[in-house]
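Hi,

Here is the structure I promised to pass on, with the sequence alongside. Have a look, and then read on for what turned up.

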Amino acid sequence: MSPIPRRSLLKAAAVAGAAAQLSWALGAKDAQAAPRAEAADRDPVTLDWLEDGGLGAAPGSTVGVPWPKGAYEADQAFALTDADGKAVPVQTWPLAYWPDGSLKWTAHAVSSGSGKLTLAAGQAAAPDQKVTVDRSGGTVDVSTGVITVRIGKDGSTLVKSVRRGSTEIARNGRLVLLRQPEIEDDDQGTVRTERFDGAIGEVTVEQDGPVRAVVRIDGKHRKGNRSWLPFSIRLYFYAGADSFRMVHTITYDGTQEPGKASGDFIRGLGVRFSVPLRDAAYDRHIRIGGEGKGLLREAVKGITGLRRDPGAAVQAAQYAGQKLPDPSTWDQRVTTRLQYIPEWGDYTLAQLSADGFTLRKRTRKGYGWIGAGGGRRASGFGYVGGASGGLSFGLRDFWEKHPAQLDIRDAHTDEAEVTLWLWSPEAQPMDLRFYHDGMGQDTYAEQLEGLNITYEDYEPAFGTPYGIARTSELLFWANESTPSADALAQQADAVRTLPQLAAPPKQLIKAKVFGPGLYSEPDRSTPAKAKIEDHLDFLFTYYKDQVQQRRWYGFWDYGDIMHTYDTVRHVWRYDIGGYAWDNSELSPDLWLWYAYLRSGRADIFRFAEAMTRHTGEVDVYHLGKWAGLGTRHGVQHYADSAKQQRIANTTYRRFYYFLTADERVGDLMHANVDSDETFLVLDPLRKVRTDPYTPDRHALSIGFGTDWSGLVSAWLTEWERKGPKWEKAKVRVLSTMEGIAAQPNGFVQGSGLYDLDTGKFAVASAPVVSVSHLSAVFGLNELCAELIDLVDMPKFNDAYFDYCRYFNATKAEQKARYGSDFGTLLLFQGHSRLDAYAAAQTGDAALAKRAWTKFFGSDGYTESSPWKTEAVNGPMALVAGSEASWVSSNDTALYGLAAIENLALLGDKMP
């Protein structure tokens with residue numbers, strides 16, 4: 001913990017520091033980038049699909065590909081070919097640049113392909129059917145060459161129509177929000193709800209073809225004079241596709257106060273379309289996905305199973321979704337009685353938990369429901385339409401992000417209505433109130449006592465959901481007729497697992513992205529290496545299984561893991577303060593992404609993807625006074641009063657963005673560029689400071705570890721992307737690097753006084769030793785590895801290598817170097833990767849040896865750890881399964897990163 005001087009000394013130090021002019025002023029000089037590679041590798045890159053099946057029924061896929069420094073200039077064009085050498089249309093754009101201006105990352109969008117594809121420099125083939133965007137009128141009209149979607153520019157209708165040729169397949173696409181103003185905690189009272197409709201505020205065309213088009217729609221949900229719950233919708237279109245994708249984000253800005261029954265409780269949140277129906281009722285078809293590839297296959301007016309048989313061919317045709325022959329050709333005992341066969345207009349599939357869904361139907365509003373089946377986990381897919389066309393629809397992560405629901409209404413009329421409920425109105429209202437009354441923790445002293453018993457850092461009014469967000473993904477197909485069962489199964493597969501192209505690990509390693517040398521492909525060439533690989537596989541498999549066993553699912557929870565296990569109760573400590581949800585503590589996000597980078601494994605990618613979607617949205621504030629800060633681990637994702645930069649860390653988002661070009665994650669990273677302003681709003685050390693401190697924009701106390709690593713990752717990303725604030729971001733990267741290097745003790749100084757206006761650290765007049773075990777475990781090593789490769793600044797390198805060299809050193813060695821030892825430290829195994837990095841960079845053999853010594857024989861997991869699970873059954877556990885009571889998420893993240901980086905950096909120097 002940094003010793004904090006008095007405010008007068010803070011200002012004095014800031015003034016003194018300003019006198020020592022640092023060179024990185026805006027426009028003062030160009031960045032001294034690391035030298036360009038002399039002969040960059042320009043070999044073609046083989047792209048492959050994460051899972052088998054290729055693109056399938058999805059509209060398209062976009063992949064990010066990295067390039068070695070200096071390989072290609074910024075204006076380089078790229079071509080794509082399939083395994084037979086046939087040109088595949090591709091749309092390319094830059095995602096990031098090296099400091100010398102050459103391409104670092106490029107994005108490539110495709111709308112076709114099932115096998116491996118080869119990417120190389122060259123002129124891209126144009127698609128036969130291009131995506132076009134017409135924004136000249138009162139709407140934005142997007143055509144894929146197969147379907148045309150008309151998007152509103154104002155009002156409440158986001159998608160005015162979806163046409164396939166001359167046939168309108170869907171219309172009036174809108175957002176629906178049900179607000180419950182009061183929550184009932186007993187069995188008395190009357191539940192009231194009110195409906196809000198999405199109101200468009202702004203429409204932006206972000207891409208306009210020829211292979212991919214993206215339209216963004218921002219607004220709020222509105223009823224009367226009230227507008228709330230901001231939304232950001234992106235619609236994705238690909239050349240030649242009969243479908244489009246929707247990425248739907250909401251940010252909660254309502255009020256829910258603990259102990260109060262009134263507030264802004266969401267009862268239902270959905271996306272709704274109207275579907276015109278032109279066919280006879282017996283030629284209208286309902287399809288609803290069940291478990292796996294299961295499918296409800298019915299007609300609005302069924303002619304199977306009747307007392308009279310219309311004919312086997314007629315029954316088979318209806319079951320297949322084909323247009324029936326004229327009823328005059330049927331058995332007339334059926335034809336003359338068609339009016340007596342019920343027409344089923346309404347269907348509902350509700351998935352209120354991860355373990356069960358129910359399906360029911362009725363003839364129409366006002367009449368009773370009948371059960372139509374049920375199961376465990378539905379695919380989140382449906383279809384309504386007929387022989388002349390219909391709409392397929394799906395909600396990704398349907399059961400994982402329960403409570404979800406699919407509704408079809410009025411299919412017996414000329415216009416059906418489809419609603420995909422992201423939050424089912426049949427579930428309990430969304431209750432985000434803080435979970436306890438404070439228990440008398442009114443002062444900082446009392447709150448620190450609470451921290452010492454439950455590990456929760458409580459503070460009144462800090463456990464608020466105001467400003468958290470959640471993103472969902474939906475798919476829609478405009479079919480010219482009812483698809484076959486096989487075609488519907490392919491569409492449902494695309495909903496469950498959106499096809500994703502990927503660059504191979506060899507290309508990622510060769511391009512030296514995400515920290516050159518920090519990861520390498522799995523290597524089992526020696527027993528020692530194989531054992532570590534086995535341990536890494538064990539840990540990932542264990543967490544993947546725990547997600548299922550412990551039901552770490554739900555709209556706000558899916559994607560996160562728990563922090564610590566309760567060995568007595570045989571459960572993770574889901575209800576114990578800071579031991580509950582992990583919220584990126586000690587960087588499990590990094591562990592998962594580096595595990596994917598080196599292996600290319602689809603299951604690891606999907607786990608990391610879900611975590612990125614969660615931690616970047618739910619664990620971080622996007623509105624309000626704490627926008628740009630995240631929340632420390634806790635019972636609720638927003639419960640803890642520690643609102644800090646380390647959780648909002650852009651480092652955790654960079655992987656998914658650069659690998660997929662996902663625009664929403666790009667938004668999150670750009671939003672962090674100015675998050676240094678948050679240090680004016682909230683002092684992260686307010687409860688433990690011993691001297692007076694008032695945040696001063698010209699002398700903000702910012703730590704060089706968890707604080708700076710979060711800030712610099714946002715600045716670096718903005719600079720690399722050439723985002724709107726890239727010049728400012730570049731200056732802050734370089735000036736703060738130089739400021740840290742100029743401190744009397746470099747990184748060991750612990751913190752510095754930062755000027756928001758100049759983006760510089762003042763240089764302290766006297767050396768201080770202030771080292772925390774947390775400083776380097778939120779991405780600092782990984783960021784510094786990137787920065788050292790990008791920027792030629794030897795003094796910064798030396799400062800960081802010194803920190804790496806002395807953290808795991810003996811107290812005597814620390815004192816000999818700095819005049820004082822570092823005090824009591826922890827997490828030596830996790831810090832062995834700092835030893836390894838510095839050893840690889842400096843050639844220090846003794847440091848290399850120490851890296852493995854600390855990895856194998858300090859804290860964390862060791863070779864003597866059990867490395868197995870034990871069975872748990874009732875009555876000792878709620879659900880039968882397994883446990884590894886010795887596993888903690890802190891140790892897992894640190895072991896995983898240390899193992900991956902040490903193997904890559906020093907695998908040839910293992911004992």
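In this predicted model, the largest nonpolar core has 139 residues. Tyr-594, Trp-708, Phe-747 and Tyr-800 are the ones with the most contacts inside that core. Helix H20, residues 889-906, gives the most to this core, contributing nine residues. Apart from it lies another core, this one of 79 residues, including Ile-266, Val-271, Ala-404 and Tyr-638. As background, nonpolar side chains in soluble globular proteins tend to be buried together.

Leaving aside neighbours within four places in sequence, Tyr-800 is in contact with Phe-747, Leu-780, Asn-781, Cys-784, Ile-788, Leu-834 and Tyr-837.

Next, a pair of helices. The axes of H10 (residues 651-660) and H13 (residues 706-721) come within 9 Å and cross at roughly 30 degrees. Angles under 35 degrees count as roughly parallel, so H10 and H13 are roughly parallel to each other. On the H10 side, Thr-651, Arg-654, Tyr-657 and Phe-658 make the contact; they meet Ser-709, Ser-713, Leu-716, Thr-717, Glu-720 and Arg-721 in H13. Sorted by class, this contact has three nonpolar, four polar and three charged residues.

Finally, a sheet. It is open and has five strands, in the order E4-E3-E7-E1-E28, with antiparallel pairing. Strands E4 (87-88) and E28 (501-502) are at the edges, each pairing on one side only. Within the sheet, E3 (residues 78-81) and E7 (residues 117-121) pair over four bridges, and Leu-80 stands opposite Leu-119 in E7.

Happy browsing!

Methods:
Residues numbered from 1 in each chain as written. Predicted model: local features only at pLDDT ≥ 70, side-chain atom pairs only at ≥ 80, totals over all residues. Heavy atoms only, no water. Core = buried A, V, L, I, M, F, W, Y, C linked by side-chain atoms within 4.5 Å. Buried < 20%, exposed > 50% of the residue type's maximum accessible area, 1.4 Å probe, protein only. Helix = DSSP H or I, 4+ residues; strand = E, 2+ residues; numbered from the N terminus. Contact = heavy atoms within 4.5 Å. Axes fitted to C-alpha atoms, helices over the stretch in contact; angles between N-to-C directions. Parallel < 35°, antiparallel > 145°, perpendicular 65-115°, else oblique. Nonpolar A, V, L, I, M, F, W, Y, C, P; charged D, E, K, R; others polar. Pairing = 2+ DSSP bridges.
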